[in-house]
Amino acid sequence: MSDAKVVVLIGSLRDQSVSKQIAEAAVENSPAGVVLEVRDGLENLPFYSEETDNADALPAAVADVRATIADADAVLVVTPEYNGTIPAVLKNVIDWGSRPYGAGALKGKPVAVISHSISGRGGQWANADTRRSAEVAGALVSEELRLELGPTGELFDGIHPREHGEVVANIGTLVTDLLRVEAPAAV
Ligand SMILES: Cc1cc2nc3c(=O)[nH]c(=O)nc-3n(C[C@H](O)[C@H](O)[C@H](O)COP(=O)(O)O)c2cc1C
């Protein structure tokens, strides 16, 4: 059987991003039979516009990210919280992934969310808002498919997340659970 594919979407663009480091830890410790791949370049997606969301005008970067998500078995989001909600770069890829209406790349896709914060709340609003937005876009989300990490200053005090045994183990469990999600039976 071929490996399961999980595409990783990151809500931060900066080089030293904690989100990127958490994603690195996830990629390096993927469960057996699972390949996690970070989808870089989300900053190259234009802001969603219905004007260009058609076969004639669709930006190549959008077609590419849609194909990557559609081709994956599941999506893992790793994100900080910005001003009490999700970063614009993440919302933008969800919006592109939500269309065409009812048949977007995110439709029926299991999505898990890892949020983090310098505060002890672990980016819980970003986590909840990512799941709500992805769910409206047609993705399969649940309260259980989430990790809220923080305060990151204490949790990762001088270490890379890959060195935090408990966090690595929890990410592994999350990815395993993510791939167990099954679409609800049609009624
Ligand atoms: C524009 C902006 C808004 C932020 N808003 C919040 C917030 O609402 N809640 C929070 O816990 N942290 C907030 N932070 C702090 C981030 O959690 C922190 O900078 C985090 O490390 C950024 O993630 P990254 O390391 O992946 O880039 C904010 C940071 C920025 C730059």
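Ala, Val, Leu, Ile, Met, Phe, Trp, Tyr, Cys and Pro count here as nonpolar, Asp, Glu, Lys and Arg as charged, and the others, Gly among them, as polar. The structure is a predicted model, in which local features need pLDDT of at least 70 and side-chain atom pairs count only at pLDDT 80 or more, while totals for chains, interfaces and linings use all residues. Residues are numbered from 1 along each chain as its sequence is written, and side-chain values use heavy atoms, with hydrogens and water left out.

We begin with the interior. In soluble globular proteins, nonpolar side chains tend to be buried together; buried here means under 20% relative accessible area, exposed over 50%, and partly exposed in between, with a 1.4 Å probe and protein chains only.

Val 75 shows what such a position looks like: not counting residues up to four places away in sequence, Val 75 touches Val 6, Val 7, Leu 9, Ile 69, Leu 106, Lys 109, Pro 110, Val 111, Ala 112 and Leu 178, contact meaning heavy atoms within 4.5 Å.

Grid points are joined across faces, edges and corners, and a volume is the space filled by probe spheres set on the points. A search of the whole structure finds 2 cavities of 30 Å³ or more.

The largest cavity holds about 50 Å³ of space and is lined by Leu 9, Val 75, Val 77, Leu 90, Ile 94, Leu 106, Val 111, Thr 130 and Ala 134. Two or more of these lining residues come from each of β3, α3 and α4, and by class the lining divides into 8 nonpolar, 1 polar and no charged residues. The second largest cavity, with about 30 Å³ of space, has a lining to which α1 and α6 each give two or more residues, and α6 gives the most, with 4. This second lining has 6 nonpolar, 3 polar and no charged residues.

The largest pocket has about 160 Å³ of space, and its lining includes Ser 12, Arg 14, Tyr 82, His 116 and Thr 152. By class, that lining has 4 nonpolar, 6 polar and 1 charged residues.

Charged side chains form a further set of links. Side chains of opposite charge can pair when their charged atoms come close, and the structure holds 12 salt bridges, each a side-chain nitrogen of Lys or Arg within 4 Å of a carboxyl oxygen of Asp or Glu. Arg 162 forms one with Glu 24, the closest N and O atoms being 3.7 Å apart; this pair links distant parts of the chain, 138 residues apart, with Arg 162 in the loop between α5 (152-155) and α6 (165-178) and Glu 24 in helix α1 (residues 18-28).

Another salt bridge joins Arg 39 and Asp 64 at 2.5 Å, N to O. Arg 39 lies in the loop between β2 (34-38) and α2 (60-71) and Asp 64 in helix α2, so the pair ties together parts that are 25 residues apart in sequence. Arg 39 is buried, at 14% relative accessible area, whereas Asp 64 is partly exposed at 42%.

Within helix α3 (residues 88-97), Lys 91 and Asp 95 are separated by about one helical turn because they are 4 residues apart, and their closest N and O atoms are 2.9 Å apart in a salt bridge. Lys 91 is also in contact with Ser 133, a residue of helix α4 that is buried, with a relative accessible area of 15%.

Conventions: 1 Å grid on protein atoms, 1.4 Å probe; cavity = no way out; pocket = protein on both sides within 12 Å on 5 of 7 lines; lining within 4 Å.
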